[in-house]
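This briefing walks through one protein model by topic, from overall make-up to individual side chains. Please keep the sequence and the model open alongside the text.

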Amino acid sequence: MISADDVADIVLQTLRENRPGSKNFRESLSEVSKREGRWGFYAAKPFNKSYTSLPAKRIFLSEYDIKKLLRPSDQKLQVPKLAIISPLAQEWLETKQIVVEFR
């Protein structure tokens with residue numbers, strides 16, 4: 001039986017592999033013309049180009065990401081200097097008394 005965590009892992013892995021700028025993403029754009037059928041109102045592409053308000057090279061860490069990074073015995077979390085930690089993740093780290101180090 002597949003658990004909710006398994007589904008979340010699959011979705012996260014798929015999103016990481018198909019983000020703009022990656023090889024798979026560029027290949028998927030070139031495959032648009034090979035696809036058959038209509039997309040919306042005769043649109044050329046089946047999806048909209050994604051936009052982000054995050055500056056380049058900044059990582060957003062959600063509560064889920066942080067839980068995946070930490071082991072049960074960890075009391076410190078090292079994250080990149082420009083990382084953004086979600087408010088929910090910050091609250092979870094405070095309740096667990098885990099120190100965050102920006103490196």
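A residue is called buried when its relative accessible area is under 20%, exposed when it is over 50%, and partly exposed in between, using a 1.4 Å probe and protein chains only. Helices (H or I, at least four residues) and strands (E, at least two) are DSSP runs numbered from the N terminus. The model is predicted, so that local features need a pLDDT of at least 70 and side-chain atom pairs count only at pLDDT 80 or more, while totals for chains, interfaces and linings use all residues. Residues are numbered from 1 along each chain as its sequence is written, and side-chain values use heavy atoms, with hydrogens and water left out.

**Overall make-up**

- The protein contains four helices and four strands, which follow one another along the sequence in the pattern α-α-β-α-β-β-α-β.
- Of the 103 residues in the protein, 17% are buried.
- The protein exposes about 8,800 Å², of which carbon and sulfur atoms supply 55%; accessible areas come from the Shrake-Rupley method with a 1.4 Å probe, and for residues only the protein chains shown count as cover.
- Among contacts (heavy atoms within 4.5 Å) between residues at least 6 apart in sequence, 39% join residues at least 24 apart.

- The side chains of Lys76 and Glu101 meet in a salt bridge at 3.2 Å, N to O, a salt bridge being a side-chain nitrogen of Lys or Arg within 4 Å of a carboxyl oxygen of Asp or Glu.
- Because Lys76 lies in strand β2 and Glu101 in strand β4, this pair ties together parts that are 25 residues apart in sequence; Lys76 is exposed at 52% relative accessible area, while Glu101 is partly exposed at 27%.

**Salt bridges of helix α3**

- The structure holds four salt bridges, and one of them joins Lys68 to Asp9, with the closest N and O atoms 2.9 Å apart.
- Lys68 lies in helix α3 and Asp9 in helix α1, so the pair ties together parts that are 59 residues apart in sequence.
- Lys67 forms a salt bridge with Glu63, the closest N and O atoms being 3.2 Å apart, and both residues lie in helix α3, four residues apart, or about one turn of the helix.

**Buried aspartates**

- Asp65, in helix α3, counts as buried at 14% relative accessibility and, leaving aside neighbours within four places in sequence, is in contact with Leu12, Arg16 and Phe60.
- Asp74, in the loop between α3 (63–69) and β2, counts as buried at 16% relative accessibility and touches Leu69 and Ile98, not counting residues up to four places away in sequence.
- A polar atom of the Asp74 side chain lies 3.0 Å from the backbone nitrogen of Arg71.

**An exposed loop residue**

- Gln97, in the loop between α4 (87–95) and β4, has a positive phi of about 55° although it is not a glycine, and Gln97 is exposed, with a relative accessible area of 64%.

Conventions. A polar contact is a pair of N or O atoms within 3.5 Å; within protein, one must be able to donate a hydrogen and the other to accept it, and residues adjacent in sequence count only if both atoms are side-chain atoms.
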